[in-house]
Amino acid sequence: MGMKSKIALGAVVGIVIIGAASANSGDSDGGSGDKGASASAERRSGGTKPDGASDAKPAEDKGTEKASQAERFKAFVQKNGTPQEKDAVAHVTKVQGADEQNDILDAADIYTDFTGGLMGEGTAPAKLLTSAFADWKQSDNGLVTVYDADGELLGTGNF
């Protein structure tokens, strides 16, 4: 085995080891006990975070803490939406990703009970749903995607 082959083999083995180590370091169910310790410390300190900020929800969210994202979205549209948006939001079955925003690359999904994909009845209401979602949530770089009952794409929009 030549010197170049040994170096190449060593590099490949090193990359594999580094890849395996980095993949294991992101385990959400394993890892260090620090997460649990800091969470229990926050609970003991009365809901304040280490930087002194309060963990309390804003006043408008207190009544909807237990409501799902879809229920909160529907309530917003029922209160602030147009009649067409209110009709469209009645078909929403699930909303995902609305709470996790970082203004870098935000993505949310709206699932509906429409059928037929892009050629079906849900494409026009999907545009209304993306517009209503943009009124509900704001992001510097957000994309909301609307799906039908079979998981087929109905439409997308920025928020």
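**Surface and overall fold**

I looked up the accessible surface of the protein chain first, and it comes to about 10,600 Å². Carbon and sulfur atoms hold 54% of that area. I note here that the model is predicted. Next I checked burial: of the 159 residues, 25% count as buried.

I then read the secondary structure. The chain has five helices and four strands. Along the sequence they run α-α-α-α-β-β-α-β-β. I also looked at contacts between residues at least 6 apart in sequence. Of these, 51% join residues at least 24 apart.

**Nonpolar patch**

Which residues make the nonpolar surface patch? I found Leu118, Met119 and Leu153, with a patch area of about 360 Å². I followed up on methionine 119. Methionine 119 sits in the loop between β2 and α5. Its relative accessibility is 80%, so methionine 119 counts as exposed, the cut-off being over 50%.

**Helix α5**

I moved on to α5, residues 123–136. The helix has 14 residues and reaches 20 Å from its first C-alpha to its last. That is close to the 20 Å expected at 1.5 Å a residue. I listed the buried residues of α5: Pro125, Ala126, Leu129, Thr130, Ala132, Phe133 and Trp136. Why do I say that they line one face of the helix? Seen down the axis of α5, the buried residues fall within an arc of 165°, so one face holds them.

I asked what covers these buried residues. The cover includes two helices, α3 (69–80) and α4 (83–89). It also includes the strands β1 (92–96), β2 (106–112), β3 (142–147) and β4 (153–158).

I picked out lysine 127, which is also in α5. Is lysine 127 buried or exposed? Lysine 127 counts as exposed because its relative accessibility is 63%, and exposed means over 50%.

**Helix α3**

The buried residues of α3 are Gln69, Ala70, Arg72, Phe73 and Val77. Down the axis of α3 these fall within an arc of 165°, so they line one face of the helix. What covers them includes α4, β1, β2 and α5.

**Salt bridge**

How many salt bridges does a search of the whole structure find? I found one. Side chains of opposite charge can pair when their charged atoms come close. Here the side chains of arginine 72 and aspartate 99 meet at 2.7 Å, N to O. The pair links distant parts of the chain, 27 residues apart. Arginine 72 lies in helix α3, and aspartate 99 lies in the loop between β1 and β2. I had already listed Arg72 as buried. Aspartate 99 has 41% relative accessibility, so aspartate 99 counts as partly exposed.

**A backbone angle**

My last stop was aspartate 103, found in the loop between β1 and β2. Most residues other than glycine have a negative phi. Aspartate 103 is not a glycine, yet has a positive phi of about 60°. The relative accessible area is 36%, so aspartate 103 is partly exposed.

Technical notes. Residues numbered from 1 in each chain as written. Predicted model: local features only at pLDDT ≥ 70, side-chain atom pairs only at ≥ 80, totals over all residues. Heavy atoms only, no water. Expected span 1.5 Å × (residues − 1). Buried < 20%, exposed > 50% of the residue type's maximum accessible area, 1.4 Å probe, protein only. Arc of directions from axis to C-beta. Contact = heavy atoms within 4.5 Å. Salt bridge = Lys/Arg side-chain N within 4 Å of Asp/Glu carboxyl O. Areas by Shrake-Rupley, 256 points an atom, 1.4 Å probe, with all protein chains shown as cover. Patch = residues over 30% accessible without salt bridge, like charges linked within 9 Å, V, L, I, M, F, W, Y side chains within 5 Å.
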